[in-house]
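This report concerns a protein model and the contacts between its chains. The sequence and structure are shown first.

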Amino acid sequence: MDQTHVITPEIREKIYDQLSEAMIVALENDHMTTEESADSADMILKRLDVVSTHEELVIFLQELSARWSIYLPVYQDAKKEDLLKKVSVELDQLAQPNT
Amino acid sequence: MADAPIAVTASEALTMHEGRPHGNFLALPETVRTNVEQGRRLRDLKAKDVPARDVIVEARREKDVRVDPKQVNDMIAQFGGGYTKLDGENVIMDDDKTKDLSPEDQSRLTESFSSGEKALKEVAAYLTYAQTLQEANATGRSYQEIYDRENPGAKVTWDQLRANALDALLTTGLLERIEPSFIGQSDVIKRDFIETALASDPKLRMRVAQEMRRIEDELTNLPKVQENEKQATAVAQKELADKEKEQRITEYHAHLQAIGVDLPRDTLVTLIDRGLTPDNIFQAIRRTYIEGDADLSRLDELDAIIPEFNAIRDKVEGKDPGKVNPELQKRYDALRSRKEELETLTKDMEYKDDKKQRLKDIKSAIDKDSDVGKILRVATQAHLASKAAEREVAIAKATTNERQTLSYRLRKEGDLRAEIENILNNAMVDVLAERSSEVHGLKTKEQAEKEAEAEKTRTKEDEEAQKKVKEGMERNWISADRRDRKRTIDKEQIGRDMRMIAYEGEDGIKRLMLRDMGVGNWETADLGSLPDDVKRQLEAAHGKYGDTYRDTLMKDYFIARAAGGRGGGELKLKDHEWELLNSHFSTALEKGLKDSEAAQRVMEDLKKKGIVPSNSLKWLLYVLLGVGTVAAVAAGAAYAAGPASGIGAKGALAGLLPH
C-alpha cells in the first residue's frame, strides 16, 4: 500500500477535531438539532475509526456530508488534500531521474 | 516546551463543569437540552482539552436514550425465529414461511414471538413514558401536550401509557422488596412513589435504553434458522420424486384396471418399493395375467409362432420336398403342428376377438417401449430418485450445525427475552446503588477536604485505623470493581451486621469497626478494657465515622433488599429487631426526620391518614430522603425533585399517600 495514503493517528485526530468543531458550531447556531448531532456522531464513531486510507476517508466524508451538509467543509478540505497528495506523488515520480 | 494538555474524560469534565457528580440519591432530572445548550456544553468540553473523539462520544449519548418505534419493531421481528413480516406498523408471524414446519414447531415459534413482543413493548412503553416525563419536567409543558406532540396519532392514550409503564415498574416487585411496608398498599401509593422517586430519573431511562441497544445487537446476531441448504434441497427433491411416483403409479394402475388386469395398487407399490425394475414387474404381470391364463397363453404362443411360420412357409410349401432343407422342413412341420394344435384349442374360445384385444393390451402395458410401459418406468425412476434424496436428507441431518437449528435459536430467544423482562428491575437497582455510591463519594470527598488540616495533627496510627474503617465501609457490604463495574452484594454480611447494631447499638458499630481495624477478638472483647492505643484509635474512628458507618450500612441494606435474588432471607429483620434498632438510634432517626422538611411533610400526611409508619419505613425515608449524615447533601435535591418532576407542591415523597 502506498504509505502516503495511509491514515495516521494524527490525521484521524485532526478529522475528529474538524468534525467535532463543525458539529459544535452547527449546534451553537441552531443549524443542527441535538438528535441530528447524535445520529451523525454515531455514524462518525462507527466509520472514522475503521477507515485506513485517504481514499476511504474521502468516501466516508462524502457520505457523511451528503446526510448532514454541515460537514461539507471537512469533506472538501479532505478532498483537496487528497488531490494535493496525488499531484505531489506524480510530481515526485516525474522528478525521479530515469534509470 | 509547551505544557502538554491535561487529558480528562468527558464525564470528569462534565462533573467539573457542573460542580457535582451526575445526580444525587434523589436526583433532579437532567433537563432536556436545547440545541444551543448542547453546543455550548460540547464547546466547554473542548475547552477543557477533552479529546475530540470523546466530544463526539458525548454527542452520541443523546442517541443512547432514544429508542424509536422502528428499532423496537426490528427487535420484535427477531423473535419467532425471524419468521416474521411487517403488517402495516405491526410485526406479525409470517405463516407462509412457517407452513412447512410441524405444528409443534409453529406453536413454539408463535409462543416465543408473542412473549418477546410483550416484553419489548413493555420496555418501549416505559421509555416513551420516561421521555415524556423528562421533557415535560424540563419545559414546564404538560405531559399530555408533550406526548401528543411526540406521538401524533398514537393508539394508546397518555393515561394508558403512563399506567402501563408504571405497572411494568411495579410488577418488578422491587418496591416491596426494598420496603415491606409497601406490601398491601394501594397501587396509587406505589405508583406515585415510583414516579416521583425513580421513573423520572434520566439515568434510569438511559440505562434501560442502553440495555435495549445491547440486546438489539444480540438479537440481530442470533443464529439464523436456516435449514441446512443441502437438506432443504434434498427434502424438496424427495417431495417432488414422491409426487411423481405416486402420480405415475396411479396412472399405470388405472390403465391396468381398464384392461382388466386386476393387480392391486398396494401390490404394485410394494413391487416398486422393493426396488424391482420395470422388466421384473412386466415379467411378473406376464406370468400372472398371460401365462396364468390358458387362453391368453395359447394366443400369445400362437402370436409368437405365426411370424416365423409365415416366413418359413413360403420356402417350404409347394416346393420339391427333395430340395427343401431338411432342418427347415423339420422346423416348419413342428411349427405347423403346433399352430394347428393351438388353432384347434382356440377355435372354440369365447369372445376370441376380445381375448385377442386383451392380450394385445396387456402386452402393450408390459412393453417397456410402449407409452403405457414408459409410465411404469418413470414411476420406478421416481422411486429411485426419492430413495437417493432420502439418503441426502439423512446425511444432511446428521451434519447440520446445531447452531442453525430451530431449538437452539428458540433457546437463545428465551434467554434474551428473560434479559428484556429484567431490564427495568435491574436498571432500578443499579440506579439506586449508583445514587448511593455517588452521594457517599461526594461526602467523603468533602470530608476529606475539610479535615485535611485536622489530619495533620492526628497520629499515624489513628489515621491508619480510620483508613481501615473507611475502607471497610466501602467493601464490607456492597463492593464495586471499578474495572468491570461489577457490584457484589454480601447479603449475609449485611444481615449479620444489621443485627449486630440492632442488638448492641453504638457498641455494635464499635465492634464492627474493631473488626475492620483487624482486632482479633472484636466480637467478644470488653470494650471498656481495650488496650489504650486501640481504645484511642477506636474512639477516633467512631467519632469521625460512627454515624456514616451506620447510615452506609443502612443504605446498603436497602439496596441489597432492592436487588432481590437469592439469599434474601439473611436480610430479614424481625419486628423486635427493628424496635431494638430504633431504641438505640432513635435520636439520630427522629432528629433526621424532624430536620427534613420533606420527611416532616410525609410524616404529617401519614398521621392525617391514620397511618403509623413502621420502623423500617421510617428508616427507608431516612435513607431515601438523604436526611442522615451521609446523604444529607442530597436532601435538598431530593425534595426539590418534587416540583420539578411535575408532582408539584405535594413534594417528592408526599406522593406516598393517596390524594
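The sections below cover chain A and then the interface of chain B and chain A.

## Model and chain A

The model is predicted. Chain A contains 4 helices and 0 strands, and its elements follow the order α-α-α-α from the N terminus.

Of the 99 residues in chain A, 38% are buried. When contacts within chain A are limited to residues at least 6 apart in sequence, 65% of them join residues at least 24 apart.

## Extent of the interface

Contact between the two chains involves 20 residues of chain B and 23 residues of chain A. The area buried between them is about 1900 Å². Carbon and sulfur atoms give 61% of that buried area.

## Polar and charged pairs

Between chain B and chain A, 10 residue pairs are in polar contact, counting pairs with both residues at pLDDT 80 or more. The interface also has 6 salt bridges. A salt bridge joins the side chains of E21(A) and R43(B), with an N to O distance of 3.0 Å.

## The chain B side

On the side of chain B that touches chain A, the elements giving two or more residues are α2 (35-47) and α3 (52-64) of chain B. The largest contribution to this side comes from α3(B), with 9 residues.

Sorted by class, the side of chain B that touches chain A consists of 7 nonpolar, 4 polar and 9 charged residues.

Methods: Residues numbered from 1 in each chain as written. Chains lettered and ligands numbered in written order. Predicted model: local features only at pLDDT ≥ 70, side-chain atom pairs only at ≥ 80, totals over all residues. Heavy atoms only, no water. Contact = heavy atoms within 4.5 Å. Buried area = accessible area lost by both parts, 1.4 Å probe. Salt bridge = Lys/Arg side-chain N within 4 Å of Asp/Glu carboxyl O. Polar contact = N/O pair within 3.5 Å; in protein donor to acceptor, adjacent residues only side chain to side chain. Nonpolar A, V, L, I, M, F, W, Y, C, P; charged D, E, K, R; others polar. Buried < 20%, exposed > 50% of the residue type's maximum accessible area, 1.4 Å probe, protein only.
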